[in-house]
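The sequence and the structure are shown first.

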Amino acid sequence: MTAKTTASGVPYDAQGEMTDQARRDAAMKGFVKEFGAVAASHLESCVRCGMCSEACHFYVATGNPAYTPIHKLQPFEQAYKRHAGPFSPVYRLFGLVPSVTVEKLQEWERLIFDACTMCGRCTLACPMGIDIAELIKKARHGMFKAGLIPDRLQLMDRTARAWGSPATPAEDFADIIRDTGEELGVPMNVDRDKAEYLVTVAPAELTEHTKALADAAKVFNAAGLDWTYHTEGFEASNIGYLNGDLELQEKMTRKLIDCAVKIGAKTLVLPECGHAYGAARWEAARWYGGEVPVRVIHMTELLAEVVNSGKIRLKPIAQSATFHDPCQLVRRGGVNEAPRDVMKALDLKLTELENTKALTWCCGGGGGVVSNTRADPIRYKAFELKKREVDATGTQRFVTACGQCRITLNLGAKHFKWDKKVESLLELVADNLAD
Amino acid sequence: MTLLDFARGPALQAALVIFIIGALWRFIGALLLPWRLVPAQPREGSPGTVSAWLKGMAVKMWPHEPFAKHGAFQFINGYIFHVGLAIVVFLFVPHILFIQGLTGLSWPGLPNSFVTVIGVVTAASLVAALLHRLRSPVLQLISRVDDYISWLLTFLPVLTGLLATAHLGARYETMLALHILSICVFLIWFPFGKLMHAFLFAFSRGMTGVRLGQRGAEL
Amino acid sequence: MVTPQTLGEILEGRGVSRRAFLKYSSYLSALMALPPSMAPAMAQGLAAARRQSVIWLSFQECTGCTESITRSMSPTLESLIFDTISLDYHHTLQAASGEAAEHAREKAMADNKGKYVVVVDGSVPLKDGGLYSTIAGVSNLKMLQDTCKDALAVISVGTCAAFGGIPKANPNPTGAVGIDEIIKDKPVINIPGCPPIPEAMTGSVAYLVAFGKIPELDHLKRPKAFFGDSIHDRCYRRPYYERGEFAEGFDDDGARKGYCLYKVGCKGPVTYNACATLKWNGGVSFPIQSGHGCLGCSEPDFWDQGGFYRPLSTSMPGMGMALAGAAAVGAALGVGAALTARKHQQAYIREQAAKGDEK
């Protein structure tokens, strides 16, 4: 695993000992498996209007045409045309569409992984309704098989496969929970045999943001819910969902759901994490034949539930605030109103960002981009879009509902010496419970 | 056989045959691939499949506000030549009679002078679209030969049609033959390039409408 | 019969005043769209013209062209002009018949070698050695070739002689063709129409006689003076076309109001003739004015353009079947392509499963 450069001077990472030919073949096969009627309809439909570029934070922040979203799919589309499209036998026979070369795949690694957070804003802009974000996610499967993903993501993948989480080995999970509970004086439930609610966590909560573990516990306890954390199903952020390792995605999703079933839980609660929601709520059905046996909700939805049903009461904060809508939760996930219900209950006077809800600018760190340090320069440029908008609201508090967004935005703030603190909605609720 | 006889007869027939074969081949070939819309349980209260599909088609008729700022020219100009083309093709009496001859359907047309004006506006709009493509760095990166061929083959029927009715260029019969031949080439190219978006948009938009709509996400 | 007198002398002998003669020449030159200054030249030319020998050959024809030319409605002077050409052979108008008639033709050819004009109406069949139309046991083809050998020029009168006309219509069982497909070494003027407008015929002959040269012709060898504009461009109903007001049938409101006849099959836009300007029967009317669309009768293959009542912009008949067949083929190819791609995918998936979790 060393950083390489193509003949044309484009940096890329390559993992494993495969030959170029083997990588190319692996990518092609990975791509071809994805080409169903839906992907085909999308890939046939681009009219090269360029509207997607103006929706993408990376293009808008840098002005680099290479970050035009549909352009990032070029090798994927080429593979479709050559191998699965309706005219593909003719194209192959007469050489009308060439084979995707390994150089092209190497050049495109950074477009698929560094310059795309799979935020889906381009999907909303495309007049032909091409779900570009979804197709990038599919393309990553092939790239993963080819060993052409950013080294950092590969490292996290190995860790997750070995430990069950990129943050910590599964064996240590219960200790972390208990230690945190003791430290902060919050009663914790872990590894109970039966519970109504299985609560899961994101990796950042097991390392820097451990307070979140206690915050969740406080809320659940205050609401009087029958809940537990569990070693056999704790890691929710699902790195396989974003780095292209579909097998890992399946493994991690099954762990959560099977564990929930095992302990008789009716509800699986996902942490403040965007990709966790996309993976467990919207893609788990792939492996359960359409009928996932538990209800899957995001922490924000849980908070809205307990607030709206009066199970918990909150102290008013009475300050102005603005909210960053995590892409996978709101734009791709459909959880539009829950955060606003909670903020209202906290008496936070909400001033929406200029681009808000489904049209929010991505924080720039999703899809593994914040973990991929090679992408830092463009991520910081994208951050400036967010910073401008937040400053324009002139609000006192800046809140979000995803740990990765928080990390990304705080890294940006540090880089630009911006004094704004990015806060977690869960934390605000936990810290303002009225007893 | 004069050029006009050739154009109206064997050429048009061959072009229509190729058009139908190609379009059905491409359409069915793509849509008969495995259907894998992930069947997660839809969000409670979200629109049903059919209405989500239709909403997906409808919402894309105009860009969302943040995209409208930069996309306004393209959308407005796009509507001008799409609507203009539709008016010229479907509301000019000789064209209506052609369709009637093929299908038996007919409807009233517009006065010729009106159609001529629309034709000129459509041609100008197409030229503007080409200039925009040539001057945009994004479009220069992603554009392909297909984009230029499709443009040319859409532009030529408009141009030759205007020249024919205005009796400019060559003799009327020759201009008319060239007009019909330009339509033949357009029809032959149609299934193989981006002109197919005329049919595909319904599916691509609809599918995204369903995927996002069933999540309760905004389109 | 050949007369050594000039036309001017003949007319003078018959009491036609110089003034009347000049007036007629002006009328004739105006008819040909020649500038007024040409009138004296035409008068001079006509006056000095010797009686022109004309041999009129009739082949696969209906005699409609002869009927038309004899209706040439003009003052008595025109029939005098007609008299002043020496019509040495004409099936319908000549007195002689049988061998005497053929002998007259041969004599005229010999006496006026290189100077006589051949007028032809009717097409010539070529199939099976040309035996489908003969005169005095001689095929039209042979008679045409023999007669034109020493001719000055050939005038093909009527669409049959010009382009093959009705005998040539699908399936053309006799192999009929127009005259200029056979005669390649003499100047040919086509005066088509079914029949042609009388003045188109007489005016063109007068031009030839007066100036001794061929008038300006279009690409189909038709005199531009009579065939230079399409019916559509001179039609008095054109404003209705432009406004989109059409008769939908022959007895509807639009028909009674005299709307454009495009929808009931008028071929005006692609037909070149003088019907809309000179009209027929001395300017009384023409088909469109009488409520029927133009048949396009002065154009080649007018009989095979899909139908007199099918609008010009309709596709040619027989499209429906071809398109239905195309749909079947397209659907089959689409299904085949999808199945091939699916097989491709299944193979990869199986291969992946067989290799296990290889990474």
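**Sheets of chain A**

In chain A of this predicted model, four strands form an open sheet: the 4 strands follow the order S8-S7-S9-S10, and their pairing is parallel. Strand S8 (348-350) and strand S10 (422-424) of chain A are the edge strands, each pairing on one side only. From one strand to the next, the twist averages 45 degrees. Helix H18 (residues 338-345) of chain A packs on this sheet, where it touches strand S7 (319-324), S8 and S9 of chain A. The direction of H18 makes about 165 degrees with that of S7(A).

Within the sheet, strand S9 (residues 397-400) of chain A runs parallel to S10(A), and 3 bridges join the two. One residue of this pairing can be named: A:Phe398 has A:Val422 in S10(A) as its bridge partner.

Chain A also contains an open sheet with the strand order S4-S3-S5-S6, again of 4 strands with parallel pairing. Strand S4 (227-228) and strand S6 (295-298) of chain A stand at its edges; each has a single partner strand, so one side of each is left without a neighbour in the sheet. Strand S5 (residues 267-270) of chain A pairs with S6(A) in the parallel sense, over 4 bridges. In this pairing, A:Leu268 stands opposite A:Val296 in S6(A).

In general, the strands of a sheet pair through backbone hydrogen bonds, either parallel or antiparallel.

**Interfaces with chain A**

Interface size is often given as the accessible area lost when the parts come together. The table sets out the values for the two interfaces.

| Interface | Buried area | Share on carbon and sulfur atoms |
|---|---|---|
| Chain B and chain A | about 5100 Å² | 59% |
| Chain C and chain A | about 1300 Å² | 55% |

The contact between chain B and chain A takes 56 residues from chain B and 68 residues from chain A. B:Gln41, B:Phe67 and B:Arg215 supply 14% of the area that chain B buries against chain A, more than any other three residues.

Between chain B and chain A, the count is 6 salt bridges. The side chains of A:Asp131 and B:Arg211 meet in a salt bridge, with an N to O distance of 2.6 Å. Residue pairs in polar contact between chain B and chain A number 27, with both residues at pLDDT 80 or more.

On the side of chain B that touches chain A, the elements giving two or more residues are helix H1 (3-31), helix H3 (65-91), helix H6 (137-142), helix H7 (145-165) and helix H9 (197-213) of chain B. H9(B) gives the most to this side, with 10 residues. By class, the side of chain B that touches chain A divides into 29 nonpolar, 13 polar and 14 charged residues.

For chain C, 11 residues are in contact with 15 residues of chain A. The count of salt bridges between chain C and chain A is 0, while 2 residue pairs are found in polar contact across this interface, both residues being at pLDDT 80 or more. The side of chain C that touches chain A has 4 nonpolar, 3 polar and 4 charged residues.

How values were computed:
Residues numbered from 1 in each chain as written. Chains lettered and ligands numbered in written order. Predicted model: local features only at pLDDT ≥ 70, side-chain atom pairs only at ≥ 80, totals over all residues. Heavy atoms only, no water. Contact = heavy atoms within 4.5 Å. Buried area = accessible area lost by both parts, 1.4 Å probe. Salt bridge = Lys/Arg side-chain N within 4 Å of Asp/Glu carboxyl O. Polar contact = N/O pair within 3.5 Å; in protein donor to acceptor, adjacent residues only side chain to side chain. Nonpolar A, V, L, I, M, F, W, Y, C, P; charged D, E, K, R; others polar. Pairing = 2+ DSSP bridges. Axes fitted to C-alpha atoms, helices over the stretch in contact; angles between N-to-C directions.
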